[in-house]
Amino acid sequence: MFRIGIDFDNTIVCYDRLFPKIASDLGLVKDAVFSSKNDVKAHLLQQKSGDLTWQKLQGQVYGKYMLQSDIFHEFHEFLYLSKQRGVHLYIVSHKSEFGHFDEEKISLRQQALNWLKQQEIVGTDRWSISENNIFFESTRKDKIERIKSLECTHFIDDLQVVLMDKNFPNIQKLWFNPDPPSLTEESINNFQSWRQITNYLYHSWEEKDIVELTQHKFPYLNIEKVLLQKGQGNSKIYKLLSSQKKYILKIYPDRQIDVRPRLETESLAYQTLCSQKYPVPECVILDSRLGWGIYSWINGQSVEQVDQVFLSHVFDFVRRLLKDSRSQAEQLSQVFSKASEACLSGSELIRQIETRRKKLTSVNSEMLQSFLNENFDPYFQSLSIEVKCKHFFAESLPQSLQILSPADFGSHNAIKVNEKQFIFLDFEYFGWDDPVKLVSDFYWHPAMNLSPTFKNEWLDFAKSLFIDDDSFHERLNAYLPLYGLRWCLILLNEFLEDKLQHRLHAQVSSLEPKCSQDIANLQHRQLNKAKNLLAIIKEMPV
């Protein structure tokens with residue numbers, strides 16, 4: 001039986017948002033933007049008496065403002081699955097009673113305990129950690145002695161120096177370090193996220209685990225059975241069955257690795273569009289702590305091939321999106337921000353392609369590098385030179401010409417209910433964007449494999465629909481091949497470790513390390529797809 005000890009500060013609780021906020025509120029930093037606790041610390045330590053200022057700030061954040069701090073993503077997944085598997089959990093933290101120079105004498109330990117209760121980590125039910133299993137120690141030595149006395153089999157800490165202390169017990173050491181390390185001790189396993197830790201310890205959720213947790217968290221759904229479905233993009237999908245209804249449970253990719261708020265974006269999109277009778281699923285439950293979304297089950301079948309009937313429904317959907325984007329622009333702009341990876345200018349499109357290309361530079365694959373260096377790069381450079389001469393290249397498209405875009409729209413994310421009804425899915429990236437991107441992504445998406453006839457019909461529809469946008473036609477002609485190149489690079493995501501893990505997360509059964517040949521075969525197939533797509537792009541009329 002596992003007995004797992006867990007550190008507290010910077011392991012369970014995340015201060016990256018709070019330290020910059022409080023430092024700014026207290027006037028300790030001015031005219032600077034910081035994204036993390038370490039950024040603020042580095043800035044303050046450069047100033048005169050900076051160490052003293054930093055200690056005072058720590059005392060305030062860990063004390064008075066503690067309850068405003070965040071929890072690391074997916075910790076609740078780890079907590080619930082640990083309790084489901086009967087694991088003993090302990091929190092052991094090196095934490096003094098009071099903060100440095102805190103005149104109010106607020107107990108840091110009590111504030112930490114209050115935060116744990118607020119986050120529903122500490123409680124009295126079987127899904128929580130007992131308050132009796134929380135230990136705050138005055139020194140590192142005391143912390144290590146407590147870990148020994150608890151007979152922990154594993155310990156999770158954000159400080160490698162603690163795990164490598166000469167007095168630390170000979171147990172499994174799990175280093176929680178969201179930033180990839182440059183150097184790791186061989187005796188320490190490094191993890192960037194809580195989901196990675198969960199997968200390492202428990203491999204994956206079993207269907208019975210999902211049943212028990214949904215019964216606990218959402219008893220009114222009366223879930224009796226769970227069935228793992230084919231993955232949808234990067235997310236893991238389960239079918240939830242009760243005696244009367246069916247639902248879809250969507251477990252989104254690791255938020256610690258991919259910070260985009262997919263759950264919140266998609267649920268808000270469904271809620272808004274459902275209220276206006278769009279053909280989308282209903283959002284039943286949004287659980288931000290777990291990072292899970294539950295939606296209405298849609299009876300129907302996948303759209304295996306695009307035909308004229310489906311295309312007419314797509315036209316109706318986009319036509320309505322444009323109408324509402326124009327007529328409700330002021331209201332909807334307060335609800336939705338930019339779509340994920342929105343491209344509101346040619347310069348942004350080029351930047352995104354260059355960023356994706358750069359990520360592939362360090363991949364150790366001779367066949368990949370050969371394709372990129374000899375085929376992709378020369379053509380991209382020639383297109384870039386041409387498009388940079390356009391008068392609209394550097395201009396950001398005004399809000400008045402943008403459209404609310406599903407951002408991943410097509411037959412691959414649709415269900416055919418009957419000949420007269422299609423339901424559109426997967427709005428994780430929903431938001432404001434240039435309609436040229438919506439049109440281009442639909443045109444190029446490899447999952448649809450549009451025929452030349454339907455491609456032309458789609459472009460003709462778009463040109464007539466966006467006729468009030470004077471530069472639409474010219475932007476489309478200039479950017480369409482570049483969006484094709486962007487898709488070439490998206491097809492190569494499986495060569496990137498974080499993107500590959502998202503794909504494996506969505507699979508019905510994840511690939512084990514012994515299946516490295518399967519991964520190599522997958523990468524080879526994706527590379528061939530990219531080569532074929534590049535050939536098609538090059539054949540486009542100028």
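At 67% relative accessibility, Asn449 counts as exposed (buried means under 20% relative accessible area, exposed over 50%, and partly exposed in between, with a 1.4 Å probe and protein chains only). The model is predicted, so that local features need pLDDT of at least 70 and side-chain atom pairs count only at pLDDT 80 or more, whereas totals for chains, interfaces and linings use all residues. Residues are numbered from 1 along each chain as its sequence is written, and side-chain values use heavy atoms, with hydrogens and water left out. Helices (H or I, at least four residues) and strands (E, at least two) are DSSP runs numbered from the N terminus.

**Loop residues**

- Asn449 belongs to the loop that lies between α15 (435-444) and α16 (452-465), and its phi is near 50 degrees, a positive value in a residue other than glycine.
- Most residues other than glycine have a negative phi.
- Glu341, in the loop between α12 (329-335) and α13 (346-359), also has a positive phi, near 55 degrees, and with 32% relative accessibility this residue counts as partly exposed.
- Pro261 sits in the loop between β11 (246-251) and α10 (262-275) and is partly exposed, its relative accessible area being 35%.
- Although Pro261 and Tyr429 are 168 residues apart in sequence, they are 8.6 Å apart in space, C-alpha to C-alpha.

- Six strands form an open sheet in the order β5-β4-β1-β6-β7-β8, with parallel pairing (two strands pair if DSSP finds at least two bridges between them).
- The edges are taken by β5 (134-137) and β8 (188-191), each of which has a single partner strand, so one side of each is left without a neighbour in the sheet.
- From one strand to the next, the twist averages 20 degrees (axes are lines fitted to C-alpha atoms, for helices over the stretch in contact, and angles run from 0 to 180 degrees between N-to-C directions).
- Strand β6 (residues 154-157) and strand β7 (residues 172-176) run parallel and are joined by four bridges, with Phe155 standing opposite Lys173 in β7.
- Helix α5 (residues 108-118) packs on the sheet, where it touches β4 (88-94) and β5, and its direction makes about 155 degrees with that of β5 (contact means heavy atoms within 4.5 Å).
- Helix α8 (residues 194-202) packs on the sheet as well, touching β1 (3-6), β6, β7 and β8, and its direction makes about 160 degrees with that of β7.
- In α5 the buried residues are Leu108, Arg109, Gln111, Ala112, Leu113, Trp115 and Leu116, and these pack against β2 (13-14), α3 (50-62), β3 (70-71), β4 and β5.
- Just after α5, Glu120 takes a positive phi of about 60 degrees.

**Antiparallel strands around β16**

- Strand β16 (residues 414-418) and strand β17 (residues 421-424) run antiparallel and are joined by four bridges, while the hairpin between them passes through two residues.
- Opposite positions in this pairing include Ala414 with Phe424 in β17 and Ile415 with Ile423 in β17.
- β16 is also joined by two bridges to strand β14 (residues 301-302), with which it runs antiparallel, and here Gln301 has Lys416 in β16 as its bridge partner.

**Packing of α14 and α19**

- Helix α14 (residues 366-387) and helix α19 (residues 516-538) pack at an angle of about 15 degrees, and their axes are 11 Å apart.
- The two helices, α14 and α19, are therefore roughly parallel to each other (angles under 35 degrees count as roughly parallel, over 145 as roughly antiparallel, 65 to 115 as roughly perpendicular and the rest as oblique).
- The crossing in which α14 passes α19 is left-handed (the near helix is turned anticlockwise from the far one by less than a right angle, whereas clockwise would be right-handed).
- On the α14 side the contact involves Met367, Leu368, Phe371, Asn375, Phe376 and Tyr379, which meet His524, Leu527, Ala530, Lys531, Leu534, Ile537 and Lys538 in α19.
- By class, the residues of this contact of α14 with α19 divide into nine nonpolar, two polar and two charged (Ala, Val, Leu, Ile, Met, Phe, Trp, Tyr, Cys and Pro count as nonpolar, Asp, Glu, Lys and Arg as charged, and the others, Gly among them, as polar).
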